[in-house]
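Dear colleague,

Here is the structure I said I would pass on.

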Amino acid sequence: MPVQEFLLEVHERVQHSFTKLLEHCASLTEEELNREIEGFGYPTVRLQLHHVIGAQKYWIGVLEGRIDADEDDPLYPTVASLQQYREQIDTLATHYLEHVSDDELVTARTMMTWGNHEKLLTPAHVFMRTCTHIYHHQGQVLAMCRLLGKPQSGLEYPLD
């Protein structure tokens, strides 16, 4: 399977799982969504979800030669607004993958990252990082939901 096709499929599966997480989080009250829970880098479910989406936006920007890092979490106060944000970034990511060649995906090149740091990175690895990052924070959100008394399961990487 070509790398581009593989990454598109992985991205679709990851987004499917993340959408299910957002659907579950829609059952949280506004207070629960914004309740600070000790022991997490981003202390609320809403901030965790925003961070996941914003990080993917950032890394797609790096792949496309720009730094997209915004402190714009107040613009996304609800799960519905976060879902719209997710859809926008999903479109960016899909567009990137649909317009890049396998050779470009597997060839390391210098990219500018936060703080004007130049790094030699392989685009396919950068894209996979966004996928694993989603699952890392998805686990944290699920732990937070459990602590809020609203557990959920079955959000692993879909195999079919």
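Axes here are lines fitted to C-alpha atoms, for helices over the stretch in contact, and angles run from 0 to 180 degrees between N-to-C directions. Please keep in mind that this is a predicted model.

Helix H1 (residues 3-25) and helix H6 (residues 123-147) have axes that come within 10 Å and cross at roughly 20°. Angles under 35 degrees count as roughly parallel, so H1 and H6 are roughly parallel to each other. Their crossing is left-handed. On the H1 side the contact includes Val3, Leu7, Val10, Phe18 and Leu21; H6 contributes, among others, Phe127, Met128, Ile134, Tyr135 and Leu142. By class, the residues of this H1 contact with H6 are 16 nonpolar, 5 polar and 1 charged.

H1 also packs with H4, at an angle of about 180° and with the axes 11 Å apart. H1 is therefore roughly antiparallel to H4. Among the H1 residues that meet H4 are Gln4, Leu8, His11 and Leu22, and those in H4 include Leu82, Arg86, Asp90 and Glu98. The residues of the contact of H1 with H4 comprise 9 nonpolar, 6 polar and 3 charged.

The loop residue is Asp68, between helix H3 (45-63) and helix H4 (79-98). Is Asp68 buried or exposed? Its relative accessible area is 17%, so Asp68 is buried. The side chains of Asp68 and Arg66 are joined by a polar contact of 2.7 Å. Beyond neighbours within four places in sequence, Asp68 is in contact with Gly54, Lys57, Tyr58 and Gly61.

Regards

How values were computed: Residues are numbered from 1 along each chain as its sequence is written. This is a predicted model: local features need pLDDT of at least 70, side-chain atom pairs count only at pLDDT 80 or more; totals for chains, interfaces and linings use all residues. Side-chain values use heavy atoms; hydrogens and water are left out. Helices (H or I, at least four residues) and strands (E, at least two) are DSSP runs, numbered from the N terminus. Angles under 35 degrees count as roughly parallel, over 145 as roughly antiparallel, 65 to 115 as roughly perpendicular and the rest as oblique. A crossing is left-handed if the near helix is turned anticlockwise from the far one by less than a right angle, and right-handed if clockwise. Contact means heavy atoms within 4.5 Å. Ala, Val, Leu, Ile, Met, Phe, Trp, Tyr, Cys and Pro count as nonpolar, Asp, Glu, Lys and Arg as charged, and the others, Gly among them, as polar. Buried means under 20% relative accessible area, exposed over 50%, partly exposed in between (1.4 Å probe, protein chains only). A polar contact is a pair of N or O atoms within 3.5 Å; within protein, one must be able to donate a hydrogen and the other to accept it, and residues adjacent in sequence count only if both atoms are side-chain atoms.
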